[in-house]
Number of protein chains: 2
Amino acid sequence: MKLTILGSSSALPTSERYPSAHLLNADERFFLIDCGEGTQMQLRKCHIRFAKINHIFISHLHGDHIFGIYGLLSTFSLMGRKTPLHLYAPENYDQILKSHLQDFDIHLDYKIIFCPLKGNDPVQILNDKYLTVTSLPLKHRIQSYGFIFREKQALRKIVKESISKYRIPISMMSSIKNGEDFITEKGIIVKNEDITTPPPEPLSYAYCSDTKYFARLSSMVKDVSVLYHEATFDKENKKLATLTGHSTTIDAANVASKAGAGALIIGHFSARYKNITALVQEAQEVFPATYPAIDGKTYDLGTLLSF
Amino acid sequence: MKLTILGSSSALPTSERYPSAHLLNADERFFLIDCGEGTQMQLRKCHIRFAKINHIFISHLHGDHIFGIYGLLSTFSLMGRKTPLHLYAPENYDQILKSHLQDFDIHLDYKIIFCPLKGNDPVQILNDKYLTVTSLPLKHRIQSYGFIFREKQALRKIVKESISKYRIPISMMSSIKNGEDFITEKGIIVKNEDITTPPPEPLSYAYCSDTKYFARLSSMVKDVSVLYHEATFDKENKKLATLTGHSTTIDAANVASKAGAGALIIGHFSARYKNITALVQEAQEVFPATYPAIDGKTYDLGTLLSF
């Protein structure tokens, strides 16, 4: 899993920080999470192929998380897209989108498959061969959802040399990859671990923005490999954070710590912070493996865990 | 008059070219013309003070000319704006805007004074002490308008030394600035040109995008100092330009030439052109004083005319 930060600002973008958008690359399948103004230009700057994006997740209907979607959907169409697009967003957004496309004379040449986010409990919203995605109810001024992406356990890999050594037929490979031993023509049992290597540990990534701190969130993201959690404010501004339905650096670090996350990325920084070094340091005091969201930066999540 | 190009792309932005937006600085009064996605970030990159923008002009309701407005209006509010904002856009846009702000929970703390653009003739939409703005009906796939900004003739400037030399009282200064001669206490007539210098020639700027070529446009922008005219395509793609309601480099140059413009800036370039040098050269063959719109570049319009 690789994560590219397309935007790390909160409501007021700066010349260095664009509004929220993340691109998660899970084994060359691209998932766009939030789509603030300018997302399509950031995607271009990061040389990300638009055609690989088949799923867009919108956390909530505040402009800094969604105003880039109209341009992007329109661009998809102008680029000749025919592949259906899966859009996960708070309920009723399909009606808002439809009326807005009409207002602006936008005719999409591909289908949008809408999945409404609703309710106050985690819901599995995607389940395919490689991963699952679950929406997580957050606590913000309006209905807001986080997302957790969990890779499924991959198959074991057969050691190439053992195929010729033990004359393993193609018909047996599937069961060996699933962990079964192999019996040779002469009836000798070859143990699975002698002819396979284990797959990498499945990774998981949780995106939690916008939200104020609440205790239940850490249990919903329990044991996540990498947690992205908004940290709009520094610890001094706890009151302001609570008032506006946002989190501080310490809130984010506490969620990561209580969840037993492997690493924490913080972002959605208020425009008041020209330099975010101090914010990262504050979070690191509670949760050392904290990293900043920086526009244009790509994190290899596996590598992040190995530090 | 200074013109900052915030976006020079057509419908598909590139990593170098943002969607349409121009900022015209007329004696430190800022006029924003079109507001494509990312305009607010471009304004920040160009260090333009948001509070100085009191007038926004929208040519037509295609996304690449307007999708930046929601973020910008919201940002104005978050920055504490109380000053009313004048918004000039095709009729009915006020209703679209209202419903969209509601959908996204945006409450503006300032008033928007809406001026609807309509009809098939030029209409003066602004007239103040310093300038006039007239909307110009264009020909595009949907209702589209250009704008011409004309500075008013400024007053003559009194030569400082002559004030003490002839003992000019403050009460006479206004009439002298307006071109009248001065009569001294002794009854001597001092000619106006001996005690004043002429003001600079008033400048004008016309913005014409999106439009296909039509003969009447050159008469509507007759004698303009600087014409911005879209040139989405090169001359080879004349058919495509006509089909999509756009112009070629040659169309733009012909309008400038027939209007007797002082200079021409072309922009709204199709994403197919990685390099725009050839486009500028094509236009220059018809109208030599052609310059390219380049994101982030500021043209001093007076200086442009002196080349």
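**Figure 1. A salt bridge in chain B joins Asp109(B) and Lys82(B).** In this predicted model, the closest N and O atoms of the pair are 4.0 Å apart. A salt bridge here is a side-chain nitrogen of Lys or Arg within 4 Å of a carboxyl oxygen of Asp or Glu. Side chains of opposite charge can pair when their charged atoms come close. Helices (H or I, at least four residues) and strands (E, at least two) are DSSP runs, numbered from the N terminus. Asp109(B) is partly exposed at 46% relative accessibility, while Lys82(B), at 58%, is exposed. For these words, buried means under 20% relative accessible area, exposed over 50%, and partly exposed in between (1.4 Å probe, protein chains only).

**Figure 2. In chain A, Asp121(A) meets Arg216(A).** Their side chains form a salt bridge of 2.7 Å, N to O. Look for Asp121(A) in the loop between strand E6 (112–117) and strand E7 (123–127) of chain A, and for Arg216(A) in helix H7 (residues 216–220) of chain A; the pair ties together parts that are 95 residues apart in sequence. Asp121(A) is partly exposed, with a relative accessible area of 47%, and Arg216(A) is partly exposed at 37%.

**Figure 3. Asp251(A) and Lys238(A) link two helices of chain A.** This salt bridge spans 3.0 Å, N to O. Asp251(A) belongs to helix H9 (residues 249–259) and Lys238(A) to helix H8 (residues 238–244), 13 residues apart. Is Asp251(A) buried or exposed? With 6% relative accessibility, Asp251(A) counts as buried, whereas Lys238(A) is partly exposed at 35%. Over all chains, the count comes to 10 salt bridges.

**Figure 4. Chain B meets chain A.** Each chain has its part in the contact: 33 residues from chain B and 33 residues from chain A, where contact means heavy atoms within 4.5 Å. Together they bury about 2900 Å², 65% of it on carbon and sulfur atoms. Buried area is the accessible area (1.4 Å probe) that two parts lose on being put together, summed over both. Glu37(B), Phe67(B) and Phe104(B) supply 25% of the area that chain B buries against chain A, more than any other three residues. How many salt bridges cross the interface of chain B and chain A? The rule finds 0.

**Figure 5. Cys35(B) is in no disulfide.** A disulfide is a covalent bond between the sulfur atoms of two cysteines; the cut-off used here is a pair of cysteine sulfur atoms within 2.5 Å. The nearest cysteine sulfur to Cys35(B), that of Cys46(B), is 13 Å away. Cys35(B) is buried, with a relative accessible area of 0%. What about Cys115(B)? Its closest cysteine sulfur, in Cys35(B), is 17 Å away, too far for a bond. Across the whole structure, the search finds 0 disulfides.

**Reading the figures.** Residues are numbered from 1 along each chain as its sequence is written, with chains lettered from A and ligands numbered from 1 in the order in which they are written. Local features need pLDDT of at least 70, side-chain atom pairs count only at pLDDT 80 or more, and totals for chains, interfaces and linings use all residues, while side-chain values use heavy atoms, with hydrogens and water left out.
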